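Colleague: I'm new to this one. Can you walk me through it?
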Amino acid sequence: MLGLGALARKLFGTPNERKVKSTRPVIDKINALEPEYQALSDDGIKARTADFKARVAAGESLDALLPEAFANCREAARRALGLRAFDVQLMGGIFLHEGNIAEMKTGEGKTLVATLPAYLNALAGKGVHVVTVNDYLAKRDSAWMGKVYAALGLTTGVVYPYQPDAEKKAAYRADITYATNNELGFDYLRDNMKSTIEDMAQRGHFYAIVDEVDSILIDEARTPLIISGPTEDRSELYNKVDALIPEVLPEHFKLDEKTRNVTFTEEGNEFMEQRTAAAGLLPDGQSLYDPESTTLVHHLTQGLRAHKLFHRDQQYIVRDGEVMLIDEFTGRMMRGRRLSDGLHQAIEAKEHVAIQPENVTLASVTFQNYFRLYEKLAGMTGTALTEADEFMEIYKLGVVEVPTNQPVARKDEHDQVYRSAAEKYAGVVKAIKQAHALGQPMLVGTTSIEKSEALSEMLKAENITHNVLNARQHEQEAQIVADAGKFGAVTIATNMAGRGTDIQLGGNVEMRVLQAIAADPALNPDDVRARIEAEHADEKARVIAAGGLYVLATERHESRRIDNQLRGRSGRQGDPGRSSFFLSLEDDLMRIFGSERLDAVLSKLGMKPGEAIV
């Protein structure tokens, strides 16, 4: 017998289905207006924008203008980019305008969806911020979608790190501004330290559309953005402490990988007391437990954390004599970002690079508090439903699942679990060789720079041609991603390839057209495009026959959403594809969450080396 809830769902649909259904009349209105807007000249489209602005200034609501504004924006995008928004994209735009989070599967064209509510809300003249997860996407999207806004008669700006003040101010004065969450937060702090209102860059917080909203508003929500100033130089103390840490034995400290914490044991404290006294760091007759030793104890603890919790090519890399942190969620370098409380200095001492002075906090804000400043907030992502309660509780944002334009044809295979990392990587290489032999393009996901480079060495030994995308190669990112869908391509990547990258089967047409024209500017662009599109159609057909893009992940991330993001690179817009995860009981996640018991059970069951549980 059906329960009351199940019966209500059967009769009235789920709350999500009811929200989706409620947009149909509006979408029908927009579609009915399409012939009228197709008949307009390019100047006629811009004239409509001026007319809409006047109507908003006269008191007409944005909701009333929505069908006309969306129809105008759709036509401008069709002319500027050759992209006509589907009905499901209009639906996503309506939910964003209403101040919701639109969960749209990867490959459904979220970048284009954002232009619709951004255009509508920019008509109020108060500025719209489109927030992306990294500078590459901010610059790419502003240049790409800027053509649509220009066709509509609006201005576009982009904010990026180390930007000249005048340029930054101009970017914030534009109708639509693209920026990363970091830059918006830091500019807000810098503005609060300015002495006059005229010097401030930002002009208020009216409406923001946050791309990859789960990454920014959940994963990094409590990350404080801190502007700091230097304090006294203690680099000599860091170096002296660093010389003692390698002498520490396993019984001297307790490591908790789950909470990422490390502390000295009683034995460790006694040992460090003897060594610091011998090194002249601890005065005679003073112990580490005395109040006067607080600073020294702090330095010893940070030295221990630098050695036991932070590993080169995993949490950071050393570049040009500088320790650069790697973002665990995006796999990118965080230039200018430093760890606080002397931990960054302890890592610099460990790596024997120049130690920068410690900092004192001058201004600080968290993303959670910054994004609550906006009058209206909206977001897009492929993975938000798992955190719907949190979005509602903290930000008062509803999550609406938008249907896909085409049914997803990707095959998601069961995880394959091996007993050891060596067996897992042997299985990974074997799977790559099999798919490569068919010409199926592959995206191989890894969790760190170190692991991506180790796997690259294994593929070199097997003579498999491949590309590696990690924080070291971030300059070539656009090119590597453009080639990742080509017939027979193998791309090894960290989390960098997980968000915002569109891997097109057969390769990226736009990129190839731009390269061909750059190589020979005398060529006719239309002829070049026609030739490349014909070549691309042949290659795409071969890739589809080979099974589409194969996403093979070599480990699971702590956040299930990051795994789903990687999976979502394949099977976009109804394309075929497959995805599978290869795991081992030695993986960090499996090891931390108790794989010893599992290993014992498997060996009792007689599991052979090289065999996987599927």
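Modeller: We'll take a sheet and then a pocket. Keep in mind that this is a predicted model.

Colleague: Sheet, then. In what order do the seven strands come?
Modeller: The order is β3-β4-β2-β5-β13-β1-β14. The sheet is open, and its pairing is parallel.

Colleague: Which strands stand at the edges?
Modeller: β3 (156-158) and β14 (399-401) do. Each has a single partner strand, so one side of each has no neighbour in the sheet.

Colleague: And the twist, what does it average?
Modeller: It averages 20 degrees from one strand to the next.

Colleague: How many bridges join β2 to β5?
Modeller: Four. β2 covers residues 128-132 and β5 covers 207-211. One of the pairs is V128 in β2 with Y207 in β5.

Colleague: Which strands does helix α6 lie across?
Modeller: Helix α6 (residues 87-97) lies across β1, β5, β13 and β14. It runs at about 145 degrees to β13.

Colleague: New topic. How much space lies in the second largest pocket?
Modeller: About 1,600 Å³. It is lined by 50 residues, and the closest to its centre are L83, W144, D502, Q504 and N508.

Colleague: Which helix gives the largest share of that lining?
Modeller: α8, with nine residues. Other helices supply at least two residues each, among them α5 (62-81) and α22 (525-545).

Colleague: Why does the second largest pocket lie between domain 1 and domain 3?
Modeller: Because both give residues to its lining. Domain 1 is 12-226 + 367-401, and domain 3 is 410-605.

Technical notes: Residues are numbered from 1 along each chain as its sequence is written. This is a predicted model: local features need pLDDT of at least 70, side-chain atom pairs count only at pLDDT 80 or more; totals for chains, interfaces and linings use all residues. Side-chain values use heavy atoms; hydrogens and water are left out. Two strands pair if DSSP finds at least two bridges between them. Axes are lines fitted to C-alpha atoms, for helices over the stretch in contact, and angles run from 0 to 180 degrees between N-to-C directions. Contact means heavy atoms within 4.5 Å. On a 1 Å grid over the protein atoms alone, a cavity is a set of points where a 1.4 Å probe fits but cannot get out, and a pocket is an open set with protein on both sides within 12 Å along at least five of seven lines; lining residues have an atom within 4 Å of a point. Grid points are joined across faces, edges and corners, and a volume is the space filled by probe spheres set on the points. Domain bounds come from an automatic or database domain assignment.
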